[in-house]
Amino acid sequence: TAASAEGRALAHVEELDLSENLLTKLPPLSLLPSLRSFRAQMNRITEMPVDQLLPLQSLQLCDVRDNDIANLPPQLSQLTSLQSLSLSGNPLRTIPHQVQQKGTSAVLALLAKRLGP
């Protein structure tokens, strides 16, 4: 059927760029299990929902600069393939600016500590 063909096609999407679209929330990214690169800078996204992100175990790049994200869930640290997380220009209250400046590994390490054992 057409729906199952669409589902198979989505399963192979590796890159998605939704930048500058005035989005207020993330689309259902969990439908894209092969996603390696996600860009959504310069939108109005307010949150990073864990249920949409955790299935993305191949995600290497996540660019959500210049949005309205105030909090990052500690579970983001479980995305073991993530190499680049771009967050500048967000009103983050949970990640100190000094940690953000140190880069992705520092941010993920802080989130992992918050997640606990």
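What is the relative accessibility of Met 42, and does Met 42 count as buried, exposed or partly exposed?

A: This is a predicted model, and what follows should be read that way. The relative accessibility of Met 42 is 41%, so Met 42 counts as partly exposed. The cut-offs make this plain: buried is under 20%, exposed is over 50%, and partly exposed lies in between.

Now the setting. Met 42 sits in the loop that runs between strand 2 and helix 2 (50-53). Its backbone stands out: phi is positive, about 60°, although Met 42 is not a glycine.

With 57% relative accessibility, Glu 20 counts as exposed. Lys 25 lies in the loop between strand 1 and strand 2 too. Its relative accessible area is 60%, so Lys 25 is exposed. The C-alpha atom of Lys 25 is separated by 22 Å from that of His 12, 13 residues apart along the chain.

Asn 67 is found in the loop between strand 3 (61-63) and strand 4. Its relative accessibility is 3%, so Asn 67 counts as buried.

Two polar contacts involve the side chain of Asn 67. A polar atom there lies 3.3 Å from the backbone nitrogen of Arg 44. On the oxygen side, the backbone oxygen of Val 64 is 3.0 Å from a polar atom of the Asn 67 side chain.

The 4 strands form an open sheet with parallel pairing, in the order 1-2-3-4. Strand 1 and strand 4 are the edges, each pairing on one side only. From one strand to the next, the twist averages 5°. Strand 3 and strand 4 pair over 3 bridges in the parallel sense.

Strand 4 (84-86) and helix 3 (97-101) are among the elements covering the buried residues of helix 4. Those buried residues are Thr 104, Ala 106, Val 107, Leu 108 and Leu 111. The 12 residues of helix 4 should span 16 Å at 1.5 Å a residue, and its end C-alpha atoms are 16 Å apart, which agrees. Gly 116 follows helix 4, with a positive phi near 85°.

In soluble globular proteins, nonpolar side chains tend to be buried together. Here the largest nonpolar core has 28 residues, of which Phe 38 and Leu 72 touch the most other members. Helix 4 (residues 104-115) gives the most to this core, with 4 residues. Leaving aside residues up to four places away in sequence, Leu 72 touches Val 107 and Leu 111, along with Met 48, Leu 85, Leu 87, Leu 92, Thr 94 and Ile 95.

How values were computed
Residues numbered from 1 in each chain as written. Predicted model: local features only at pLDDT ≥ 70, side-chain atom pairs only at ≥ 80, totals over all residues. Heavy atoms only, no water. Core = buried A, V, L, I, M, F, W, Y, C linked by side-chain atoms within 4.5 Å. Buried < 20%, exposed > 50% of the residue type's maximum accessible area, 1.4 Å probe, protein only. Helix = DSSP H or I, 4+ residues; strand = E, 2+ residues; numbered from the N terminus. Contact = heavy atoms within 4.5 Å. Expected span 1.5 Å × (residues − 1). Polar contact = N/O pair within 3.5 Å; in protein donor to acceptor, adjacent residues only side chain to side chain. Pairing = 2+ DSSP bridges. Axes fitted to C-alpha atoms, helices over the stretch in contact; angles between N-to-C directions.
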